[in-house]
Amino acid sequence: MATPAILPSAPEMKPPPPPGGAKAVLEVDHFNLWYGPTHALKDVSMSFGERQVTALIGPSGCGKSTLLRSLNRLNDLIDNLRTEGDVRLRGDSVYRRGVDVISLRKRMSMVFQRQNPFPKSIYENVVFGLRVDGEKRKPVLDEAVERSLRGAAIWDEVKDRLHKSALELSGGQQQRLCIARAIATRPEVLLMDEPCSALDPIATSKVEDLIIDLKRDFTVIIVTHNMQQAARVADVTAFMYLGRLIEMGETTQIFERPRFSETEAYITGRYG
Amino acid sequence: MDAPTRHPPLRPSPFGRLFRDGHPWVWITRCGTALLLLMVVGIVAIVAVNGLSTFWPRRLVRYELKDGTVVVGEEIRREVRKVGQASVEETQVFLRVGNRDLSGGGGDFRWIRADDIRATSTPEDLLAFERMEHGPAYGRVRQVIEVETVDGKRRNRVVAEGAAARAALETGMEAAAARREARLELQEGEMDRVSKRQNELNDELRRFQREADPTSPSFAGRKQALDARKAALDAEFEPVAAKVRAILAEDRRHLVLLEDGAGNAFPKPVPMSQILRIDAVNALSFPGRVGLAVGRFWRFVTEAPREANTDGGIWPAIYGTVLMTLIMTMFVVPFGVLAALYLREYAKQGVMISAVRIAVNNLAGVPSIVFGVFGLGFFCYLVGGWIDRSFFPEKLPTPTFGGGGILWASLTLSLLTVPVVIVATEEALAAVPRSLREAAIACGASKWQMIRRVVLPHASPGILTGMILAMARGAGEVAPLMLTGVIKLAEDLPLDGEAPFLHPERRFMHLGFHLYDTGFQSPNVDASTPLVYSTTLVLLGLVLVLNLGAILLRNRLRKRMRTGVF
């Protein structure tokens, strides 16, 4: 293949629009990130379309999780971190000085690799985001619990034991509870960091079905190392390699007609 | 060319295997644990056996010696002792003979030679008397006497004698106990209230004399008013005092004359109110003995000490220890947790914070007496002195807060134990999984909300471990208390029914100091030695109870925090 391995990206170039013609909710604009001396994200520019599932794939250490955590500035917790460039949520800069990261994170919730429910009741787990927001009205909390647990397809399994400890649930249930917790505050974007990597196949397929359902209400960005999963759930797939975004396109195109040799090599299993 | 590959044998030499598998090390760890257990069990056993046997009613034995004398006492132990310059070994019996007033200044303990004993018996009519003063008496009741005043002359009339005397004494003791109760109610109630008001008025008078201007026109009037109030209070005090005096006079009218086991009368009759209990220990059945032992233990832990802490109970010391430990915990836990939170969660980790951490850890190694000196200088003299000058100037030079007190002692001990809490809390905070912190942050919690709602609850079992260690350390500490507020005998409890209920400036009694006092400062070593064991036992039990409470709480918290199932 004669195409250059890496997309040329001039500083003046705007991030390309999301593939498939959807409206861009989140734009990453010439984003660079360093952990100390390590340049972990190199000039990443991309857009995420509204109510689409975008999968970030790539070999270990390619920066896909780092990119995901940069979107809601969860990386701020790490010392020695430096960034350049910007991320925009519906046109609002995320990295500008004075941005209230707390309200930002309320607009972009996150589900983690390993299910991490709080050692509290199921009910309290779901309403955590509302409680820290100062919500005390019982009807509002009750409504959010039912809506979120239904949204996360776990309501029928837990509705009779809402006040039991969340730690009594199975791994797959816990992960769906974490998804319910993430959507309880009605975020715009749902970030998922390998949400199925600690689950068994049955629980995984439940969560995958759920992700496809969630697309109706949320913009979903999912990091996965499982290419079949990306192919199953994602509308758009982005391939990252060594801290760069190599290629981004509709999932069928990426898997069937990759434009770059690295993408093809990864998809066909030659590395990663 | 190809050297044959050497495969390691599947059955290595037993010796090599011994060391590879580490069996010797496992054995060393086992031995270490066993040794430790042995020592702990040994200490507890010694304390428990000696401490509890004090309460067991021993038989009163009547020894007839070969020279014809008769000795009555409780046998404490037998020992083979070396006697004389030739160091001849002979068996001797150590007896508690009581009757201190009869032996004329001698102790109430005595050694006799086993060889001198001609015969022993345990007559059932021998009685053990518990008395307010002079320790126990052993013997019989000879006469019950009533003092009469005839023609202005005091005259003793024998009411009962011999066999009837004991019954008469028991009736008299009941009456005496009722009188004592009535007297205490008067003294601790009305008399105390009036005398407190008198003290306040005296303070006011002193202030008036110091500050008022004698030339001012209102001076005479105000002085008159104060004097009138003083007179009114004195008039109020007098009838109560008269009642108390009447009760005491009545006490002096009912006397009893005891005799020892050999039949010798005591030098003089004593008021019946001096006798607290009579037990016919030799006539007791086994359940009776158990009941008496339980009763003695109960009185030991619920009554105040008597006779320079060589007799009576230790209730004020238990009370002081528990209260001091609780006040200390109330200070040390919030203080330590806040410090640890800052060090671990907020401060930027660096040389400075490491230095602070090392300093905190080293604080745990500073001798406790140094903390005592610091507490005395800083809390008692500086802070307490300032409080006295600012709020209680009329009482000076008598210090209110400017001397030792339970508040200063608790604060000193919380300084002493704060490193334990800080270290334990820091460990607990560090052990909160990163995933939980991220989950909270990703839900839109601020850092403080994350700490408050996720980190602290998760760290609470660890924080409680720190609290348990601090309490155990604090409850057993003595040296700093000796400088900052502990006292040999406290008149009032630091927490009582009198407003404002908690008296942070009061000195208090403490089990640890009580141990030191009975063990090393006692005027009567033989009588106080068993009390040392009993007090230690109570202190151990108390620390155990405090710790068990905290451990139960911790386990309940841990259950809630247990990790998920997979």
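Which residues line the largest cavity?

Modeller: The model is predicted, so that local features need pLDDT of at least 70 and side-chain atom pairs pLDDT 80 or more, whereas totals for chains, interfaces and linings use all residues. Residues are numbered from 1 along each chain as written, chains are lettered from A and ligands numbered from 1 in the order written, and side-chain values use heavy atoms, without hydrogens or water.

The lining of the largest cavity consists of B:Asp101, B:Arg131, B:Val256, B:Leu257, B:Leu258, B:Phe266, B:Lys268 and B:Val270. On a 1 Å grid over the protein atoms alone, a cavity is a set of points where a 1.4 Å probe fits but cannot get out, and lining residues have an atom within 4 Å of a point. The structure holds 1 cavity of 30 Å³ or more, and the volume of the largest is about 30 Å³; a volume is the space filled by probe spheres set on points joined across faces, edges and corners.

Strand S9 of chain B (residues 254-259) gives the most to this lining, namely 3 residues. Strands (E, at least two residues) and helices (H or I, at least four) are DSSP runs numbered from the N terminus. By class, the cavity lining has 5 nonpolar, no polar and 3 charged residues. Here Ala, Val, Leu, Ile, Met, Phe, Trp, Tyr, Cys and Pro count as nonpolar, Asp, Glu, Lys and Arg as charged, and the others, Gly among them, as polar.

The open space may be described in the same terms. A pocket is an open set with protein on both sides within 12 Å along at least five of seven lines, and the largest pocket contains about 2300 Å³ of space. It is lined by 49 residues, of which B:Ala490, B:Glu491, B:Asp492, B:Leu493 and B:Arg506 are the closest to its centre. Two or more lining residues come from each of helix H3 (163-211), strand S11 (275-279), strand S12 (305-306) and helix H6 (315-346) of chain B. Among these elements, H3(B) supplies the largest share of the pocket lining, with 13 residues. The lining of the largest pocket divides into 18 nonpolar, 9 polar and 22 charged residues.

Strand S9 of chain B is the leading contributor to the cavity lining, and H3(B) to the pocket lining.
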